[in-house]
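Me: Hi! I have a new structure open and would like a tour of it. Please keep it simple.

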Amino acid sequence: MGHKPAERYSFYIDIRFFYSRVAYICISTICLLDTVLTSSTVLSELETCAFRNRSPEETATYMSPLLEKHLPLHANSSRSSALQDERRKDHYSHFILRLAFSATEDLRRRFSRLETMLFRLRYKDDDARERQDFVNSLDFAWEMVGEKEKLELGDDLRAATGVGRKGEEEGWFKVEWERVPELVESRRVLLKRGTAYVPLREQMSLVVTEFTRRLDSALELTARALPRLDEDDRLSPILTHLSRSFTAPDVAYDSSSTLAGDFHPNASNIDALSQHFPLCMSHLHTTLRQNSHLKHYGRLQYTLFLKGLGLSLEDCILFWRRSFKLITDEKFAKEYRYNIRHAYGDVGGDANRRGRGYTPYSCQKLLTEALPGAGQTHGCPYRTFTPDNLVALLQQTGVSDREVLKGVREDVGKQRYHVACNRVFESTHKREIKRVKDEGLWNASELDVIAHPNTYFKRSFLLKHLDDKPAEEMKRENE
Ligand code: SF4
C-alpha cells in the first residue's frame with residue numbers, strides 16, 4: 001500500500017473485474033477496518049441467502065437495501081456526485097478482503113463463490129446500456145452477428161440456440177468455440193467452422209465465468225504473497241480478525257440468551273435440558289455421563305455454556321460434583337472446584353472478579369481454536385469429527401433424514417461447519433419453525449442464523465415449549 005494519484009473508475013461494475021489493478025491505499029486503520037467490515041457483512045448476508053435457499057429474485061430483493069446501505073454503487077446515468085468515492089471504497093474493501101481470505105483453499109473457495117454471487121447481482125442491476133459498454137470494454141474478442149449473416153443463417157441459428165421461440169429478441173455474437181466449451185457441450189450454440197454463435201442471453205454467464213476465473217487466479221497469487229505481510233503488525237491483526245469472522249459470524253454472548261422468567265436450570269435438570277443442546281455440548285454431556293469425567297478444555301467449554309444457561313455457581317459445582325462419581329470429595333475440592341469458581345469470577349484476580357469470570361464461547365471461538373488432542377472432546381464436532389463419525393453421531397442424536405445428512409456432508413466438505421449445524425437445527429425444529437412463521441409468532445431476526453451454542457439452546461427450548469409454561473415444564477422434569 002502507498003500513495004498514488006486517485007484512480008478514476010469508468011463503470012459501475014468494472015471495479016471488481018480488474019483484479020490485476022492493485023489498490024494504492026492511503027487510509028487510517030479505523031477507516032480501513034470500517035470499510036472492510038461493512039463489505040464482509042455484505043458477503044455474510046449473501047451466504048445466509050444461499051444457506052436459506054433463497055431464489056435469485058428473493059436474494060436480489062433481500063440484498064438490495066443492504067447493498068444500498070453498506071456498499072452503494074450507482075451507474076453513471078444516476079449522475080450521483082459520489083460515484084468515484086463509492087467505487088473507490090468498493091475497490092479498497094475488495095482488495096483487503098482478498099488479502100484476508102486468500103490464506104487457505106477453503107477461504108479462497110468461499111470468498112470466490114460469494115464475490116461471484118455479488119458480481120452477478122450487480123451485473124443484473126446495472127443500467128443496460130452501461131452494462132453493454134462495460135462488456136464491450138472487455139477484451140473478449142466477441143463479434144456481434146450482423147444483419148446479413150443473421151439472414152443467411154437465420155433458421156440454423158434459431159434452431160440451434162432456441163432464440164426467438166418465446167418472443168425473445170434475436171441477437172447473437174461470435175466467438176472461437178474453445179472459449180465456450182460448456183455451451184458447446186450442452187448444445188446451446190450453433191457451431192460453424194470453429195466458430196460458436198452464442199445467443200446474447202448467454203452473455204452474462206460468460207462474463208460471470210470469466211469473472212470467477214480471474215478472481216481465482218488473483219487469489220492464488222495473493223496467497224503466495226501473504227507471508228510477506230506477516231511482518232506488518234498493523235494489517236496482520238485486521239486480516240486475522242476478518243478471516244476468523246468469516247469462518248462463522250462472531251456473536252458475543254448476550255445475557256438475553258439466558259431464558260428469563262420462571263425457567264431455572266439446576267444441578268438436577270441438565271439431563272432433561274440436554275435434548276436442546278447443540279452437538280458440541282450434547283457430545284460433552286454424553287461423554288461426561290459415559291466416563292464420569294471430562295478433560296480440562298471440555299470442562300471449561302461446558303461450564304461456560306451452563307453458566308450461559310443461567311445455572312448458578314452453587315448448582316454448577318453440585319452438577320460437576322455429582323457427575324464426577326468416581327473421585328472423592330477431597331480430590332474434587334482440590335482439583336476441580338477452584339476452576340469452576342474461576343470461570344464464574346468468584347475467585348481470581350480483580351479483573352476476573354469484576355468481569356464475572358469468562359463468557360460462554362461462541363461458535364467462532366470453538367471453530368477456530370486448536371483441534372482437540374487424543375482423549376479430548378472439546379470444540380465443534382462438525383469440525384473435529386470425520387464426516388462418517390459425524391453422521392454416526394448425528395444419527396445417535398436422532399437425525400435420520402437422508403437429505404439433511406447429505407447436506408451436512410457437503411457443508412463440512414466445504415468447511416461450512418456452522419451452516420451444517422444450522423441445517424440440523426432447522427430440520428429438527430421444522431414443524432415449530434413453520435408454526436411460528438405461519439402464525440407470525442416470531443419476527444425474522446428471532447430465526448436468524450445461529451452462531452452461538454447458547455442461542456441454539458434458547459431457540460430450541462422456546463420452540464419446543466411454544467404452548468408450555470417453562471415453570472411447569474421445569475417442575476415436571478424435577479419431579
Ligand atoms: Fe456448537 Fe456452533 Fe458447532 Fe453448532 S456450530 S455444534 S453451536 S460450535
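Predicted model: local features only at pLDDT ≥ 70, side-chain atom pairs only at ≥ 80, totals over all residues.

Me: Let's start with helices. Is the crossing of α11 and α12 left-handed or right-handed?
Reply: The α11 and α12 crossing is left-handed.

Me: Thanks. At what angle do α11 and α12 pack?
Reply: Helix α11 (residues 279-291) packs against helix α12 (residues 296-309) at about 115°, and their axes are 10 Å apart. Axes here are lines fitted to C-alpha atoms, for helices over the stretch in contact, and angles run from 0 to 180 degrees between N-to-C directions. Helices (H or I, at least four residues) and strands (E, at least two) are DSSP runs, numbered from the N terminus.

Me: Which residues make the contact?
Reply: From α11 there are C280, M281, L284, H285 and L288, and α12 brings G298, Q301, Y302 and F305. Contact means heavy atoms within 4.5 Å. Sorted by class, that is six nonpolar, three polar and no charged residues. For those classes, Ala, Val, Leu, Ile, Met, Phe, Trp, Tyr, Cys and Pro count as nonpolar, Asp, Glu, Lys and Arg as charged, and the others, Gly among them, as polar.

Me: OK, new topic: the strands. In what order do they form the sheet?
Reply: Four strands make an open sheet, ordered β1-β2-β4-β3, with antiparallel pairing. Two strands pair if DSSP finds at least two bridges between them.

Me: Which strands stand at the edges?
Reply: Those are β1 (143-144) and β3 (190-192). Each has a single partner strand, so one side of each is left without a neighbour in the sheet.

Me: And how many bridges join β2 to β4?
Reply: Five, between β2 (residues 172-176) and β4 (residues 195-199). K174 sits opposite Y197 of β4, and E176 sits opposite T195 of β4. On the β1 side, two bridges join β1 to β2, and K174 is the bridge partner of E143.

Me: Is β2 mostly covered or uncovered?
Reply: Mostly covered, as four of its five residues are buried. Buried means under 20% relative accessible area, exposed over 50%, and partly exposed in between (1.4 Å probe, protein chains only). Helix α6 (residues 147-161) lies across β2, β3 and β4, and runs at about 130° to β3.

Me: How about charges? How many salt bridges are in the whole structure?
Reply: The search finds 23 of them. A salt bridge is a side-chain nitrogen of Lys or Arg within 4 Å of a carboxyl oxygen of Asp or Glu.

Me: Which residue does E210 form a salt bridge with?
Reply: R213, and the closest N and O atoms are 2.8 Å apart. Both E210 and R213 lie in helix α8 (residues 203-229), three residues apart, about one turn of the helix. E210 is buried, at 15% relative accessible area.

Me: What parts does the pair of D467 and R435 tie together?
Reply: Their side chains meet in a salt bridge of 3.0 Å, N to O. D467 lies in the loop between α23 (453-464) and α24 (470-478) and R435 in helix α22 (residues 430-438), so the pair ties together parts that are 32 residues apart in sequence. D467 is exposed at 61%, whereas R435 is partly exposed at 28%.

Me: Last one: where is R193 found?
Reply: In the loop between β3 and β4. R193 has phi near 45°, a positive value in a residue other than glycine, and it is exposed, with a relative accessible area of 82%.

How values were computed:
Residues numbered from 1 in each chain as written. Heavy atoms only, no water. Left-handed = near helix turned anticlockwise from the far one by under 90°.
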